[in-house]
Each structure stands twice: as C-alpha cells, then as structure tokens.
Amino acid sequence: MILRPKVRGFVCVTAHPVGCAAFVQEQIDYVRSKGLIKNGPKKALVIGASTGYGLASRITAAFGSGAATLGVFYDRPSEEGRPATPGWYNSIALERTARTAGLYARSLNGDAFSDGIKQQAIEIIKNDLQKIDLVVYSVASPRRVHPKTGALHKSVLKPIGQSYTNKTVDTDLGLVSEITIPPASDEEITDTVAVMGGEDWEMWMQALDAAGLLAPGATAISYSYLGPEVTWPIYRNGTIGLAKNDLERAARRIDAMLKANGYGRAFISINKALVTQASSAIPVVPLYISILYKIMKAKGTHEGCVEQIQRLFATQMYNGSALAFDQAGRVRLDDREMQPDVQRQVGEVWPWVGTENLQKLTDIDGYRAEFLKLFGFGLAGVDYEADVEPHVTMS
Ligand code: NAD
C-alpha cells in the first residue's frame with residue numbers, strides 16, 4: 001500500500017517502515033562517523049528503547065561501542081494492511097543492522113511497568129548476556145497499571161496550585177493561540193508521579209540486582225528536563241516536574257544501592273528539548289522548541305537525540321574521568337540550550353510570536369519535518385510513491 005502521514009493533533013496515526021528504517025540508519029551512520037567510544041558499554045538493557053532518547057541510547061551503545069543490547073518498549077505491531085507504531089519498525093531495523101554487524105540485539109515488546117516483562121527480561125539476560133553493565137531507563141508513558149495494586153494511574157501535564165495561561169501552537173495547523181490549563185488535583189499529581197516518577201526504575205534495578213545480573217561497575221541512567229522559565233509552570237513546577245523530582249530521588253536510591261554492593265553508579269542526565277512523541281504532547285513546549293531550533297540552528301549548536309546521547313556517552317559516561325555533575329548531581333546535556341544568549345533570544349521572540357509571523361520567527365517547518373521523521377516520513381532516498389508492505393515481523 002501507499003503510506004502517507006495522517007496527522008491527528010500531536011500524533012501521526014500512520015508510520016512508514018522503509019522511512020523508519022532510513023531514520024534509524026541515519027542515526028547509526030552518525031554514531032559510526034564519530035568513531036569508537038573507548039571503554040563504552042558492552043551489554044546494555046534499554047527500557048523505552050524504540051523511539052526518542054531511548055532509541056538513540058540503544059543505537060549509541062550498539063554502534064558506538066559494540067554493545068549487545070536488549071531493548072524493551074511498548075509498540076503496536078503491524079498487521080495485514082495496517083502499519084505498526086514507528087518504534088516497532090525502528091526496532092526491527094536496528095536489530096537487522098546490528099545482527100549484520102555481528103552484534104547481539106534482542107527486543108521485548110510489552111509493558112515495562114509489569115512484573116511479567118521484568119521477569120522475561122531477566123530470563124533473557126540470564127540466558128544470553130549473563131550480566132549487564134548499562135541500564136538506560138527512558139520510558140515516557142501516559143499511563144501505568146501498578147504491578148502490585150493493579151491501580152491504573154494516568155499522568156497529566158498540568159500546573160500545580162493555580163491555573164496557567166500562555167501561548168501554544170497547533171504545529172499541524174500552524175495556529176498560535178492562548179491556552180489556559182487548570183491546576184492539577186492532588187490525585188492527578190499522585191498519579192503523574194506514579195507514572196513518570198522513579199518507582200518503576202527502582203523496581204527494575206532491584207529485580208536485576210536480586211537476580212545477580214548487574215556487572216561490577218554497572219551504570220544506570222535516566223533522563224529529565226528542566227528548561228527555561230517560560231515553561232516552568234507546565235514543566236519544572238508542574239505535575240511532570242514533580243514526577244521528575246521523584247526520578248531524581250530514585251537515582252539517589254539506586255546509586256546508593258549500587259555503591260552499597262561495592263560497585264556501580266546511577267544518575268540523571270538533563271537533556272535538551274527535542275521533538276519526540278512525548279514532548280509533542282506537552283502544551284506550550286512545541287512553540288518553545290520551534291523558537292529554540294531556529295536560534296540554535298543559526299548558532300550551529302542544534303543537536304538531535306542521537307547527537308545528544310553520543311555526546312553523553314563519549315564525553316561524560318565513558319570518557320575515562322569523573323562525570324561533570326551540576327550542584328544537584330545531574331549531568332547537563334542541556335548546556336547549549338540554556339546558554340544565556342540563546343535564552344535571551346527566546347525571551348525576545350516569545351512576546352511577539354503569533355500565527356501571522358510563525359514562519360518568520362520560528363523554525364516551525366523544521367519542527368514539522370522532524371515530527372514527520374519520527375514516523376518515517378520525509379527521509380531522503382525513500383520513495384514514498386512506491387507500494388510498501390506495512391506488515392513487518394520481528395525475527
Ligand atoms: P518517546 O515517546 O520518544 O519514547 C518513549 C519510549 O517509552 C518508547 O520507546 C515507548 O515504546 C516506551 N514506552 C512507553 N510506555 C511504555 C511501557 N509501558 N512499557 C515499555 N515501554 C514503554 O519519549 P522521549 O522524549 O524520548 O522520552 C524519554 C525520556 O527522555 C523521558 O524520561 C523524557 O522525560 C526524557 N526527556 C525528553 C526530552 C524531550 O524533549 N523529548 C527532553 C529531556 C528529557
């Protein structure tokens with residue numbers, strides 16, 4: 001069938017298998033072009049491995065340092081006549097290229113929050129890898145069924161204490177409008193922390209440790225965001241920000257657990273704002289990203305997920321010296337985004353941006369192109385007029 005993008009709000013309901021493979025290949029080529037990461041990971045478990053920062057982490061581990069990778073993710077597989085979600089195609093493409101290169105790569109598609117998937121991952125690691133030296137936790141999800149209570153928690157993106165009004169953009173239609181988001185209830189706050197906080201990451205680490213699967217010196221990492229003041233009410237000081245505080249709490253607990261066992265480290269990396277399926281769902285943030293991209297591209301400092309993670313591995317995690325932490329003990333990959341002159345320029349544009357000057361003042365075209373790329377559309381060298389088989393299976 002001929003596959004075209006069908007954008008509905010902040011999701012695209014179709015994905016192109018050949019385009020997704022080309023997108024993965026682009027990232028692999030980038031990592032390879034940067035050369036071998038000496039002393040990089042050898043056996044990695046990536047949870048949330050199929051898109052965004054998790055996919056970039058898996059690609060960097062595999063093709064930057066020859067790591068065997070087990071990827072866990074939650075995607076809808078393809079069916080006869082119906083495309084999969086992009087992470088399915090991405091993971092198949094990654095596995096194929098890894099195996100061609102002689103690398104072990106295996107995937108587990110299912111709910112990472114469940115005890116069942118953790119147990120399956122443990123069995124695979126025991127049988128195939130014995131011990132792992134890197135665990136990346138990069139899950140972004142709107143919901144979680146708690147494995148112990150059975151309760152369904154739904155995360156919300158809301159301010160806390162009072163409502164928040166600011167500009168936002170419908171990136172599909174190019175319309176800038178004002179949005180008012182009411183404050184979260186106590187229950188919504190608790191639910192968001194349950195979904196996007198650190199409890200599940202801790203459960204994974206405890207289960208891996210209890211099964212004796214962590215190699216001496218093992219690293220555990222998860223990702224967070226801080227961003228500029230204009231987004232604080234909805235991000236840093238909002239429900240997601242509280243969940244991220246909980247993720248930092250979990251990082252400290254996991255770090256202590258690994259150190260108490262005589263080895264290992266756990267920490268958070270604060271990454272740059274980028275177009276991913278998760279970030280496109282946050283109000284206000286896509287408008288900020290569109291402005292930011294224009295400024296950072298003009299300055300030559302723009303990076304995507306794979307550039308960020310390759311830099312994290314090569315210059316921080318595996319560069320042979322201690323990690324450069326900020327005062328709160330976090331690695332900062334948002335350093336270029338947060339440069340004062342970049343933020344000053346964002347601040348100058350923000351009050352003036354509207355529907356009529358969106359093209360001129362922002363990189364909305366770049367935003368849209370990157371968004372479509374997440375679903376395998378707009379990749380150079382892919383013939384989008386060609387008939388394509390949407391049903392692709394994982395071997
Ligand atoms: P994403 O939507 O691209 O990726 C999310 C991944 O989680 C996918 O692989 C998906 O399959 C997986 N997933 C979702 N629910 C799952 C479940 N129940 N079980 C197993 N896997 C599941 O998101 P992203 O933007 O790459 O976010 C990853 C992390 O990076 C998050 O912690 C996010 O807060 C953080 N981060 C993102 C940005 C950004 O701007 N995008 C910036 C800084 C930090």
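**The ligand and its surroundings**

Tutor: In this predicted model, a backbone N or O atom of glycine 48 lies 3.5 Å from an oxygen atom of the ligand.

Student: And how far from a ligand oxygen is the backbone N or O atom of tyrosine 53?
Tutor: For tyrosine 53, the distance from a backbone N or O atom to an oxygen atom of the ligand is 2.8 Å.

Student: What about leucine 274, how far is its polar backbone atom from a ligand oxygen?
Tutor: A polar backbone atom of leucine 274 is 2.8 Å from an oxygen atom of the ligand.

Student: How much of the ligand's accessible area does the protein cover?
Tutor: On its own the ligand has 830 Å² of accessible area, and the protein covers 93% of this.

Student: How many residues surround it, then?
Tutor: The ligand is surrounded by 30 residues, and Ser50, Tyr53, Ala112, Lys244 and Thr276 are the closest.

Student: What classes are in that shell?
Tutor: The shell has 14 nonpolar residues, 12 polar ones and four charged ones. Helix H2 (52–65) contributes at least two residues to the shell, as does strand E11 (214–224).

Student: Changing topic: which residues form the nonpolar patch on the surface?
Tutor: Phe10, Val11 and Val13 form that patch, and together they have about 240 Å² of accessible area.

Student: Where is valine 11 found?
Tutor: Valine 11 belongs to strand E2, which spans residues 11–12.

Note on methods: Residues are numbered from 1 along each chain as its sequence is written. This is a predicted model: local features need pLDDT of at least 70, side-chain atom pairs count only at pLDDT 80 or more; totals for chains, interfaces and linings use all residues. Side-chain values use heavy atoms; hydrogens and water are left out. A residue is near a molecule or strand if one of its heavy atoms lies within 4 Å of it. A polar contact is a pair of N or O atoms within 3.5 Å; within protein, one must be able to donate a hydrogen and the other to accept it, and residues adjacent in sequence count only if both atoms are side-chain atoms. Accessible areas come from the Shrake-Rupley method with a 1.4 Å probe; for residues, only the protein chains shown count as cover. Helices (H or I, at least four residues) and strands (E, at least two) are DSSP runs, numbered from the N terminus. Ala, Val, Leu, Ile, Met, Phe, Trp, Tyr, Cys and Pro count as nonpolar, Asp, Glu, Lys and Arg as charged, and the others, Gly among them, as polar. Patches are made of residues with over 30% relative accessible area and no salt bridge: like charges are joined within 9 Å, nonpolar side chains (Val, Leu, Ile, Met, Phe, Trp, Tyr) within 5 Å. A salt bridge is a side-chain nitrogen of Lys or Arg within 4 Å of a carboxyl oxygen of Asp or Glu.
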